[in-house]
Each structure stands twice: as C-alpha cells, then as structure tokens.
Amino acid sequence: MLFLIGLLVAAGAVAADVGSAHVIIKNSPPILSFKLSGGASDVNDVTFHYVIKHVAYQGRGVSTTEGWVFQVRDVSLDGADAITAYAVLYDSNGNILETTQRSTLTLHSQGPVAQLSSGRRLRAVIFRDDFNSFDRSKWTHEVSMFGGYNGEFQVYTNDHKNVYIKDGHLYLMPIPTVSDTRFDENFLHNGHMDMQTLFGVCTESGNNGCTRDGRNGFLPPIMSGKVESIPTLRYGTVEVRARIPRGDWLWPAIWMLPKNDHYGQWPRSGEIDIMESIGNAGDIGVGTVTSTLHWGPSADQNRFSLTHGEKKNANWHTNYHVWRLEWTHDHIITFIDNQQIMSVTPPAGGFWQKGGFSGSNLWASGSKMAPFDQEFYMMFNVAVGGTSGFFPDGNHYGGVTKPWSNSQPQPVAAENFWKAHGAWQPTWQGENAALIIDYIQFTSL
C-alpha cells in the first residue's frame with residue numbers, strides 16, 4: 001500500500017497575469033484533485049495542466065459550488081516525487097483571461113509504488129489539445145530531410161509557413177521549396193541544404209537527413225510539416241477531429257509509434273496508422289481513407305495486410321471528420337465518424353500466431369497485444385510522393401498519370417515529380433492542401 005504525504009508549496013503560486021488565482025493540488029488515493037483558488041469573475045472555462053515525472057497531462061475543469069475542480073482516479077505516480085500544475089482561464093469567447101503560475105505538491109512515499117497495468121490513470125482524459133497555441137511542452141517538430149524509408153520528396157521544417165496555428169487549429173502545410181525566397185530552381189540542382197543552418201536544428205540525421213548537396217542528387221522540392229506528441233498512451237481512446245488535404249500526390253497521416261522500441265527496430269515494436277489518405281481526386285485519392293497496423297519480425301515480414309481497413313466516400317476532404325482509435329487489452333479498432341474502418345482482435349497466441357511466424361516468438365515477454373502493449377506517441381504529417389509503392393505506378397488517379405516511377409532512385413523520382421509541377425501544383429489550392437487538426441484527446445481505459 002502506498003502512503004503519500006502532500007505538502008502544497010503555494011506561497012509563490014500566484015497568477016502569471018493578474019496574481020489572483022492559483023491551483024490547489026490534493027492527493028487522497030485513489031483521487032488526485034485540482035482546485036482553482038481565486039480568479040476572474042467572468043471565467044467560462046478552465047483547463048488544468050499538470051506534470052508527473054516529466055509527462056504533461058491536462059483536463060477540463062468542472063464548475064462547482066466550491067469553484068472550478070478537476071479530479072482523476074487511480075493515478076500511477078510511478079515513483080514521482082512531485083506534481084506540478086497550473087490553470088488556464090477562458091472567457092465565454094474562448095479568450096484566455098489568466099494563466100496561473102505553477103503550484104507544486106511534494107510527495108513522500110513509504111513502501112512500494114503501486115503500478116497500473118496501463119501505466120495511466122483509469123477512465124480519464126489524460127491529454128487534450130485544442131490548439132489555441134503551439135505548446136512546446138506537448139509537441140516537437142521533426143526538422144529533417146529523412147522522411148522515413150519511403151523515398152518521399154519533402155523536407156520537414158519548423159518554419160511557420162509549414163506548421164502554424166490559426167483560429168484554434170493546427171495547420172501542416174506543404175509548399176514548393178522554391179516559394180521560399182532563400183531557394184530557387186538552381187538551388188534544387190546545385191545547392192547545399194543544411195538543416196542546422198537553415199532551421200536551427202536537425203532532429204533526424206538518418207538517410208542524409210541533416211545535410212545534402214544538389215550535385216549528388218535533386219534536393220527536396222517540397223517543404224512540409226510533421227509534429228510529434230510528448231504525451232503518450234498505452235491502452236485507451238484517441239480522438240482526432242481533422243480535415244484531410246486535397247492536392248495531387250499529398251500523403252497525410254495521423255499515426256502513432258512506440259516511445260521506446262521495446263521489442264526492437266521497426267516493425268518489431270509496431271506502428272499504428274489511424275488515418276492515411278492520398279490527396280488526388282477520385283476513389284484512390286480523397287475518396288478513401290485507411291487504417292493499418294504494421295508489425296512483424298522484419299520489414300520483409302511486415303504483416304500489415306492482415307491488419308488493414310479502408311472506408312470509402314465521395315470525398316472525405318470536404319468536411320472535418322472525427323477519427324477514433326479504440327485500444328484495449330483485447331483489440332484495436334479505428335473509426336471515422338463512428339463508422340468502423342479497421343478491427344483487429346489477435347488470437348490467444350497474440351500477433352505472433354496471427355502472423356503465422358516461425359521460430360522464437362519475439363513478443364513472448366509481452367501480452368496478447370504485443371507489440372501493441374507499450375507507450376505510443378502521436379504524429380501528424382503531410383508527406384509528398386515517394387517510391388515505396390504507396391502511390392502505385394500508372395494511370396490510376398482519375399485520368400492523371402503519376403510523373404515518376406517507383407523503380408527510379410529517389411533523387412530522380414523527386415526531380416521527375418518536380419518537372420511535372422505545372423500539372424499538379426494547380427491542385428494545391430491554398431490551405432486546401434493542408435492537414436488541419438481541430439483537436440486531439442487521449443482517454444485512458
């Protein structure tokens with residue numbers, strides 16, 4: 001049994017703006033509660049933000065006779081020595097009235113720390129972002145030319161032209177590289193792209209992700225955006241309201257990867273693709289959205305075809321839709337607007353049995369859901385093109401022929417793609433080409 005003695009350090013816990021409010025933190029197992037003390041009189045909504053062992057969570061407060069309160073049950077403190085929290089107060093128009101300074105609850109444990117199988121509190125919203133700002137405690141940018149191993153044509157940047165917040169939405173916006181005044185056509189052929197110099201950081205060096213020279217192969221003709229969540233989830237529900245982009249050869253995705261490669265490198269530790277689509281018009285494009293799990297002992301034994309689903313419509317781009325992942329100790333199911341896309345329930349022998357693999361089970365140390373029994377983080381991105389086969393060769397795109405071949409080396413394919421920009425660029429009509437996220441929410445079991 002865990003005994004916790006709480007000491008609220010609130011002497012300096014005054015509001016950052018007007019100094020009238022602070023958060024009172026109380027831990028009375030199994031309840032962890034947050035209460036707003038003070039604050040403006042015209043508060044219409046309160047969001048409590050708190051951190052346990054460097055992991056950020058948030059929850060929406062409830063107005064009670066005692067003030068604004070947020071409570072969660074059965075929190076796994078996992079040996080934490082403190083909980084810090086602050087609150088953001090909003091008016092009826094959603095404008096921020098006040099942000100409090102951080103309050104801290106110091107914890108002193110006696111005896112072993114209780115563990116939850118999910119590593120999270122039960123049946124609670126553990127992370128939500130409505131994108132009123134780009135919160136760097138919740139998200140990181142990918143800044144690299146790496147782009148995975150799909151032979152894609154974009155470079156991911158932290159530039160505000162590619163990743164930005166507007167009207168409470170996150171935009172991931174692909175643009176031609178030459179639309180940035182620092183670059184021109186000659187640069188794509190002969191320039192030197194150094195991510196550290198151009199964007200202040202490089203997050204992925206693999207596959208010449210940090211530096212490249214045009215003379216060694218065509219430089220990325222597209223700049224785009226990709227962000228990764230700091231909060232993670234193991235079992236529960238993910239909900240994302242978003243609008244997918246329309247534009248030839250765009251490849252948006254809402255997906256998850258493991259925080260740690262517990263079972264080894266991809267695809268051994270799994271991948272959860274909640275949503276992927278193609279930006280072209282027609283059935284193979286915005287008329288179809290897909291969900292897929294990637295898993296297997298090696299890339300050439302990836303059994304994604306056994307865990308794949310799709311949902312068709314006339315045009316998924318025209319409206320916002322709610323994508324949902326339901327992830328339990330027994331199954332993984334995805335939905336769009338409550339319509340099921342993919343449902344996977346592994347047999348008693350788990351994914352090793354489902355995949356029909358031979359030899360030693362590399363997931364034997366895990367549960368029936370292994371490798372999907374670990375902490376995963378969220379990613380949003382808009383890729384462009386690629387040579388991995390996601391875009392089949394040929395004339396399958398509503399009468400439009402793909403201007404490159406999957407058999408070509410990536411720089412050659414990228415150059416051929418760019419040479420045809422007179423045909424595809426008119427289909428990228430402003431922010432219609434962006435993946436737009438309204439909100440994301442993680443709820444634990």
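1. Basis. This is a predicted model, in which local features need pLDDT of at least 70 and side-chain atom pairs count only at pLDDT 80 or more, while totals for chains, interfaces and linings use all residues. Residues are numbered from 1 along each chain as its sequence is written, and side-chain values use heavy atoms, with hydrogens and water left out.

2. Overall build. The protein has 5 helices and 30 strands (DSSP runs of H or I with at least four residues, and of E with at least two, numbered from the N terminus). Its radius of gyration, 23 Å, is close to the 22 Å that the globule rule gives for 445 residues, so the protein is as compact as a globular protein of that length. That radius is taken over C-alpha atoms, and the rule is 2.2 Å times the number of residues to the power 0.38. The C-alpha trace spans about 65 × 55 × 40 Å along its principal axes.

3. Of the 445 residues, 53% count as buried, meaning under 20% relative accessible area with a 1.4 Å probe, protein chains only. Among contacts (heavy atoms within 4.5 Å) with a separation of 6 or more, 69% join residues 24 or more positions apart.

4. Cores. A nonpolar core is a set of buried Ala, Val, Leu, Ile, Met, Phe, Trp, Tyr and Cys residues joined through side-chain atoms within 4.5 Å. The largest has 112 residues, and Phe34, Trp323, Trp327, Met378 and Phe380 have the most contacts inside it. Strand E29 (residues 376-384) supplies the largest share of this core, 6 residues. A second, separate core of 5 residues includes Tyr377 and Met379.

5. Methionine 378. What does methionine 378 touch, leaving aside residues up to four places away in sequence? Its contacts include Trp139, Val227, Trp255, Met256 and Phe442.

6. Strands pair if DSSP finds at least two bridges between them. An open sheet of 4 strands runs in the order E2-E3-E7-E6, with antiparallel pairing. Its edge strands are E2 (21-28) and E6 (62-64). E6 is joined to E7 (residues 67-73) by 3 bridges, and valine 62 has valine 69 as its bridge partner in E7.

7. A mixed sheet. Another open sheet has 3 strands in the order E13-E19-E16, and its pairing is mixed. E13 (154-156) and E16 (175-176) each have a single partner strand, so one side of each is left without a neighbour in the sheet. E13 and E19 (residues 222-224) run parallel, joined by 3 bridges; tyrosine 156 stands opposite serine 224 in E19.

Methods: Buried means under 20% relative accessible area, exposed over 50%, partly exposed in between (1.4 Å probe, protein chains only).
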